[in-house]
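Me: I would like the labels used for this model checked against their cut-offs. Please take them one at a time.

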Amino acid sequence: QVQLVESGGGLVQPGGSLRLSCAASGSIFSIYVMRWYRQSPGKQRELVATITSGGSTDYADSVKDRFTISRANAKNTVYLQMNSLKPEDTANYYCNADVSTTATLRRNYWGQGTQVTVSS
C-alpha cells in the first residue's frame, strides 16, 4: 500500500507565500506523474499543477507565474511553492500521484489534503 501525506498548509495574508509538501511512502517501485489539486466549498476539484518523473511541468492558468511545482525523486516528495497568494486560492489542497508498487502494477493515489486559507 502507498500513502501520500501533505503538509505545509495554514493561514496566510494576501500577497504572502506558502510551501506545500507531499511525501509518498509504502511499497513504492516507481512514481510517475505527481499532481496538486485543490477544492473549495461548493466548487469542483481543480487541477493546479502537474510534474512528470522527468521534471516537465504544467499549470492551471489561474496559478501560472505564481505557483511552482517541483519534486525530489530520492525523497518521493513533491512540493508546491505558492507566491503572491490571493483570497481565491483558499482551498483544501490535495496531492495525487501515479505510483507503481511492482514492475507492472500502477495505481492512482490521493493524499488527505491540507487546508490553505488566504485572508487578512
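**Labels and cut-offs**

Reply: Arg38 has a relative accessible area of 7% and is buried. The model is a predicted one.

Me: Why is Arg38 called buried?
Reply: Buried means under 20% relative accessible area. Arg38 has 7%, so the label buried applies.

Me: What makes Arg38 and Glu46 a salt bridge?
Reply: The cut-off is a side-chain nitrogen of Lys or Arg within 4 Å of a carboxyl oxygen of Asp or Glu. For Arg38 and Glu46 the N to O distance is 2.8 Å, so the pair qualifies.

Me: Is Glu46 buried, partly exposed or exposed?
Reply: Glu46 has a relative accessible area of 29%. Partly exposed covers values between the 20% limit for buried and the 50% limit for exposed, so Glu46 is partly exposed.

Me: How do you know that Asp89 forms a salt bridge with Arg38?
Reply: The closest N and O atoms of Asp89 and Arg38 are 2.9 Å apart. The limit is 4 Å, so this pair is a salt bridge.

Me: Why is the pair of Asp89 and Arg38 said to tie together parts that are apart in sequence?
Reply: Asp89 lies in the loop between strand S8 (77-82) and strand S9 (91-100), whereas Arg38 is in strand S4 (residues 30-39). The parts tied together are therefore 51 residues apart in sequence.

Me: What makes Asp89 count as buried?
Reply: The relative accessibility of Asp89 is 1%.

Me: How do you know that the side chains of Asp89 and Arg66 meet in a salt bridge?
Reply: Their N to O distance is 2.7 Å, and the limit is 4 Å, so the label holds. The pair links distant parts of the chain, with Arg66 in the loop between strand S6 (57-59) and strand S7 (67-72), 23 residues from Asp89.

Me: Why is Arg66 called buried?
Reply: Arg66 has a relative accessible area of 10%, which is under 20%, so Arg66 is buried.

Me: Which residues are linked in a network of salt bridges?
Reply: Arg38, Glu46, Arg66 and Asp89 are linked in this way. The whole structure holds five salt bridges.

Me: Which residues have the most contacts inside the largest nonpolar core?
Reply: They are Trp36, Leu80, Met82 and Tyr93, in a core of 30 residues. S9 gives the most to this core, with five residues.

Conventions
Residues numbered from 1 in each chain as written. Predicted model: local features only at pLDDT ≥ 70, side-chain atom pairs only at ≥ 80, totals over all residues. Heavy atoms only, no water. Buried < 20%, exposed > 50% of the residue type's maximum accessible area, 1.4 Å probe, protein only. Helix = DSSP H or I, 4+ residues; strand = E, 2+ residues; numbered from the N terminus. Core = buried A, V, L, I, M, F, W, Y, C linked by side-chain atoms within 4.5 Å.
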